[in-house]
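Me: I have a structure open and a few quick things to check. Can we go through it together?
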Amino acid sequence: MLFSSVGFLFRFLPVFMLIYLIVPARYRNVILVAGSLIFYGVGEPFFVLLLIFSILINYGLSEYMWWEPKKPQKNRTKKAARRHKTALIAALIFDLSFLFVFKYWDFMANNINKIVGGDHVPLLSLVLPLGISFYTFQMISYQIDCYKGKIEQRASLVEFAAYVSMFPQLIAGPIVRYEEIAERMRVRKIRIRDLENGLKLFTVGLGLKVLLANQIGTLWNTIMTAGAGSLHISVAWLGAIAYSFQIYFDFWGYSVMAMGLGKMLGFRIPRNFNNPYASKSVSEFWRRWHMTLGSWFKEYVYIPLGGNRKGIVRTICNLFVVWALTGLWHGANWNFVLWGILFFVLISIEKQRLAKWLEKTKVLGHLYILVLIPVTWVIFAITDIRQLGVYLANMIGIHGTEILVGVEHFIRYLREYGLLLAACVLFATPYPGRWYHKWKDRWFAVLFLLVIFWVSVREIIVGNNNPFLYFRF
């Protein structure tokens, strides 16, 4: 079920919130689990069974980690440490195997079959469960934090299920760590003010998705439909810029909606974006983009590998591992691997004092990002490597065939999408966020949000309601 759908806005959400608010507080986690499973299971009931199975296995292993025998034992500390380690390893094997089979098996099989020739490794052709990468990472973080003793009070089965399946962030994040919501998972008060602010945030996210991401996405789709091999350099860059705005407002819109829904439910879901296109270096960009994913890799991969504490060579190796995994996390295709390795190269170069220089020279730093990031998003967007190569060649003015989409098309696209592009540029800056926080309680701001909501609903009804781009991850 999509947040930006009539079914969610006028059926699921009102009914769920009514039940959630009128039941006694002690039953709200049960309602949250039930509602989340219904939300996730619409159209795909089999995936709900997979999610429930995964939750039960992970909870059982975490309970084994917490378990202490009633009778005293010799070498109790050593046995407890062995039990904790065994439970953690079993949980990691289960979660990563689960993710690998659904997301990466066919990618591996195809590449092995190409190398050795024939069909020696069978393809499974499994449908990718929605949000599997997100909720798998949440369960892994819970297991590791239990092992490290960062979680002071273990979750009940209902609390753990609510943490994993919470519908505001189940399908596309943000990636929440249990310690961030543990206190509110047990006790939370929902005030009228929280409901009001949550609804306002949700409306902002809905507008970002429906009125910006979906609309500018039509420009990218139009250009790609014309053919990646026949684009004038100006059109190729315009398409790259359009996709850069589409993926940003699409994912940012979802994250803002998740934060708003979380506030309405009594939770504080962490912020996932901080004006990334205002960055002055790639390193800064990734401190501002998909912040919860970056934090997850830093906490559970980069630092355990040694981080930057063991010399420059080890640091570069650690960065390579993190960015190769980041690329693969986004998708089982070579363009995602290339995308991740490109960021590894850029960040490695920046660590040699380039990033500090870029941050000091504000204009050059911003230009560097504004030119570089659209190129990386093209690599991210086009999964066919040959087509990707052709499109990138178009962006530097190399054309293998006759230019069919030329300057006249560029001018026409600017006329059609000029105002929308200007709006995207404006909302990619920090200023709208500052205005929102300053004026959100004034009557004219509330009126503006009402207009945004109903215009978005109209677009949902009459337009093509595209799913969120990050659903496929």
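Me: Let's start with Leu261. Is Leu261 buried or exposed?
Reply: This is a predicted model, so every answer here rests on it. Leu261 counts as buried because its relative accessibility is 1%, and the cut-off for buried is under 20%.

Me: Which helix is Leu261 in?
Reply: Leu261 sits in helix H10.

Me: And what does Leu261 touch, leaving out residues up to four places away in sequence?
Reply: Leu261 contacts Phe3, Phe8, Leu13, Phe167, Pro168 and Phe202.

Me: How far is Leu261 from Lys200, C-alpha to C-alpha?
Reply: The separation is 9.8 Å. Along the chain, Leu261 and Lys200 are 61 residues apart.

Me: Staying with H10, how do the axes of H10 and H16 cross?
Reply: They cross at roughly 115 degrees. The two axes come within 7 Å. Helix H16 covers residues 385-395.

Me: Which residues meet there, H10 against H16?
Reply: From H10 come Ile233, Val235, Ala236, Trp237, Gly239 and Ala240. From H16 come Tyr391, Asn394 and Met395.

Me: How many charged residues does that contact of H10 with H16 have?
Reply: It has no charged residues. The contact is made of seven nonpolar and two polar residues.

Me: Which residues of its lining are closest to the centre of the largest pocket?
Reply: Val204, Phe427, Pro432, Gly433 and Tyr436 are closest to the centre. The lining of the largest pocket has 40 residues in total.

Me: Which elements give two or more residues to that lining of the largest pocket?
Reply: Five helices are on the list: H9 (192-226), H10 (233-265), H17 (407-427), H18 (431-439) and H19 (443-462). H10 therefore turns up again, since at least two of its residues line the largest pocket.

Me: How many nonpolar residues are in the lining of the largest pocket?
Reply: There are 26 nonpolar residues. The lining also has nine polar and five charged residues.

Me: Now the second largest pocket. How much space lies in it?
Reply: About 720 Å³.

Me: Which residues lie nearest the centre of the second largest pocket?
Reply: Ser283, Arg287, Leu319, Ile347 and Lys351 lie nearest. The second largest pocket is lined by 23 residues.

Me: Which helices each supply at least two residues of the lining of the second largest pocket?
Reply: H11 (282-288), H12 (291-305), H13 (312-330) and H14 (334-360).

Me: How many charged residues line the second largest pocket?
Reply: Seven are charged. Another 11 are nonpolar and five are polar.

Me: Where does Ser125 lie, and is Ser125 buried or exposed?
Reply: Ser125 is in the loop between helices H5 (105-116) and H6 (132-148). Ser125 is exposed, because its relative accessible area is 57% and exposed means over 50%.

Me: What about phi of Asn275?
Reply: Asn275 has a positive phi too, near 50 degrees. Asn275 lies in the loop between H10 and H11. Asn275 counts as buried, because its relative accessibility is 11%.

Me: Cysteines. How many disulfides are there?
Reply: The count is zero. Cys146 counts as buried at 10% relative accessibility, and Cys424 counts as buried at 0%.

Me: Last two. Where is Leu96 found?
Reply: Leu96 is in helix H4, residues 76-103. Leu96 counts as partly exposed because its relative accessibility is 45%. Leu96 and Ile140 are 8.7 Å apart, C-alpha to C-alpha, and 44 residues apart in sequence.

Me: And which residues is Val158 in contact with, leaving aside neighbours within four places in sequence?
Reply: Asn29, Val30 and Val33. Val158 is placed in helix H7, residues 157-165. At 34% relative accessibility, Val158 counts as partly exposed.

How values were computed: Residues numbered from 1 in each chain as written. Predicted model: local features only at pLDDT ≥ 70, side-chain atom pairs only at ≥ 80, totals over all residues. Heavy atoms only, no water. 1 Å grid on protein atoms, 1.4 Å probe; cavity = no way out; pocket = protein on both sides within 12 Å on 5 of 7 lines; lining within 4 Å. Helix = DSSP H or I, 4+ residues; strand = E, 2+ residues; numbered from the N terminus. Nonpolar A, V, L, I, M, F, W, Y, C, P; charged D, E, K, R; others polar. Points joined across faces, edges and corners; volume = space filled by probe spheres on them. Disulfide = S-S within 2.5 Å. Buried < 20%, exposed > 50% of the residue type's maximum accessible area, 1.4 Å probe, protein only. Axes fitted to C-alpha atoms, helices over the stretch in contact; angles between N-to-C directions. Contact = heavy atoms within 4.5 Å.
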